[in-house]
Each structure stands twice: as C-alpha cells, then as structure tokens.
Amino acid sequence: RPLVSGRVTAVGPNLKEGAVVKQGELLAQIDKFEYKSILNERKAELTESQALLAETNAKLNGERAQIKNTKNQIILRKRNYQRRVNLRKRGSGTEKSVDDAELLLNEAKLLLTQRRQEVARLEAKATQQLARRDRAKVAISRAERNLLDTTLVAPFKGFLLDTEAAVGRNMSTSDAVARIIDAGSLEAKFELSDRDYG
C-alpha cells in the first residue's frame with residue numbers, strides 16, 4: 001500500500017503480474033508536488049517562528065537593560081527627594097519642590113513596575129515562541145518523511161501478484177499497489193501417493 005495518498009506519476013518497470021522484483025526496486029511513485037509544497041511551508045513557518053523569537057528576545061534584553069536604568073533613576077530620585085526634605089526641614093526649600101521630588105520618585109517606581117510586567121509578558125511570549133519553533137521542527141520532520149514516502153519500493157525480493165497501481169491513478173493509503181511474495185520463503189504444496197511417499 002502507498003504510505004501517502006496522491007496521484008501515481010510512475011510505476012516500476014516490473015510492476016506486473018508474476019514479475020520478480022529486487023529489494024529496493026521502484027513499485028510506484030506518488031506525485032511529490034504537494035508534499036514538497038507542504039515541506040516548504042513548514043520550513044517557512046520555522047523561519048518565521050525563529051525570527052519572532054529573536055525579536056522577542058531583543059525586546060526582552062532591552063527591557064531588562066531599562067530596568068537597570070530605572071533602578072538607578074530611583075536611587076537618584078530618592079536622594080533628590082531626601083535632599084529636598086532636609087532642605088525643607090531647615091527652612092530653605094519649598095513644599096512644592098518636595099512634592100515635585102516625591103512625584104518624580106513615584107513615577108520612577110511606577111515605571112519600574114511596568115517594566116517588570118513587560119519583562120514577564122515578554123518571557124511568556126518567548127516561551128510560547130519556543131514551543132511554536134519546536135512544533136515547526138516536528139512538522140518539518142513529518143513533512144520530510146511524507147516526501148520520502150511518496151516513493152514506494154519493494155521491501156524484499158519477491159514475486160508480484162494483484163498489481164493495482166497505474167500511472168494517473170489516484171491512490172489512498174488504503175489502496176493496494178500489489179501483493180509481494182517473499183522469494184526466499186516460497187513453499188510448494190503437492191500430493192504423493194502412499195507408494196511414492198514410501
């Protein structure tokens with residue numbers, strides 16, 4: 001039986017009743033076009049998933065760098081806020097300058113929280129894209145195997161019976177191409193009289 005379905009584009013020269021075929025000899029060739037197209041699509045999907053993963057990782061690295069920068073900003077803004085509070089206590093600063101410094105500090109803290117959330121989101125997205133990439137690799141392996149399976153060869157040396165395949169015929173995996181009888185394990189059945197047997 002064909003391992004994949006499709007239109008038969010070629011049959012082996014010995015695909016006929018009673019013919020002897022060698023191991024590995026072509027029996028039937030299923031049209032490869034569809035299976036090549038599927039393989040190319042799967043390869044394109046893999047390339048796309050790898051590009052998306054690279055893009056996400058670049059964004060992730062950028063956000064992690066920004067977190068470092070934002071932490072440094074918080075340290076500087078805390079110092080500025082503390083300086084303004086100390087100046088206010090000594091009577092040389094204004095209440096507005098303290099409020100402004102506290103507002104800037106709170107904005108930096110909020111930005112840090114948002115950046116951490118973005119990092120978590122990007123990490124989850126990267127994990128999803130890793131899974132998508134792995135699925136694409138499996139799909140490529142399956143498509144490559146299906147492409148190889150378009151060529152049906154004799155699994156061993158034998159005699160052919162009930163040949164069904166013909167060029168142009170659409171065959172499914174449930175259709176028989178031919179029956180093959182192992183040439184090395186043939187048995188002959190015959191009857192003998194008791195006298196001949198003796």
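A: Let's start with E41 and R42, whose side chains form a salt bridge in which the closest N and O atoms are 3.8 Å apart. Keep in mind that this is a predicted model. For a pair to count as a salt bridge, a side-chain nitrogen of Lys or Arg has to be within 4 Å of a carboxyl oxygen of Asp or Glu, and 3.8 Å for E41 and R42 meets that cut-off. How open are these two residues to their surroundings? E41 has a relative accessibility of 43%, so it counts as partly exposed. R42 is also partly exposed, with a relative accessible area of 23%.

Now move along to E55 and K59, which meet in a salt bridge with an N to O distance of 3.5 Å. Both residues sit in helix α1, 4 residues apart, which is about one turn of the helix. E55 is partly exposed, with 41% of relative accessible area, and K59 is partly exposed too, at 42%. Coming back to where we began, salt bridges that share partners link E41, R42 and E45 into one network.

A further pair takes us to another part of the chain. R7 forms a salt bridge with D31, and their closest N and O atoms are 3.3 Å apart. R7 belongs to strand β1, while D31 is in the loop between β3 (26-30) and α1, so this pair ties together parts that are 24 residues apart in sequence. R7 has a relative accessible area of 39% and is partly exposed; D31, at 25% relative accessibility, is partly exposed as well. In total, the structure holds 11 salt bridges.

R7 also leads us into a sheet. Residue R7 stands opposite N170 in β6. Strand β1 (residues 6-11) pairs with β6 in the antiparallel sense, over 2 bridges. These two strands are part of an open sheet of 4 strands, in the order β4-β3-β1-β6, with antiparallel pairing. At its edges are β4 (151-153) and β6 (170-171), each of which pairs on one side only.

Let's return to the helix for a moment. Helix α1 covers residues 33-89, and N72 has its place there. N72 is partly exposed, with 47% relative accessibility.

Finally, step back to the whole chain. The protein chain has 3 helices and 7 strands, and from the N terminus on the elements run β-β-β-α-α-β-β-β-β-α. Its radius of gyration is 37 Å, well over the 16 Å that the globule rule gives for 198 residues, so the chain is more spread out than a compact globule. Along its principal axes, the C-alpha trace spans about 135 × 45 × 20 Å. Buried residues make up 26% of the 198 residues. The accessible surface of the chain comes to about 13500 Å², and carbon and sulfur atoms account for 51% of it. Among contacts between residues at least 6 apart in sequence, 77% join residues at least 24 apart.

Terms used
Residues numbered from 1 in each chain as written. Predicted model: local features only at pLDDT ≥ 70, side-chain atom pairs only at ≥ 80, totals over all residues. Heavy atoms only, no water. Buried < 20%, exposed > 50% of the residue type's maximum accessible area, 1.4 Å probe, protein only. Pairing = 2+ DSSP bridges. Rg over C-alpha atoms; globule rule 2.2 N^0.38 Å. Contact = heavy atoms within 4.5 Å. Areas by Shrake-Rupley, 256 points an atom, 1.4 Å probe, with all protein chains shown as cover.
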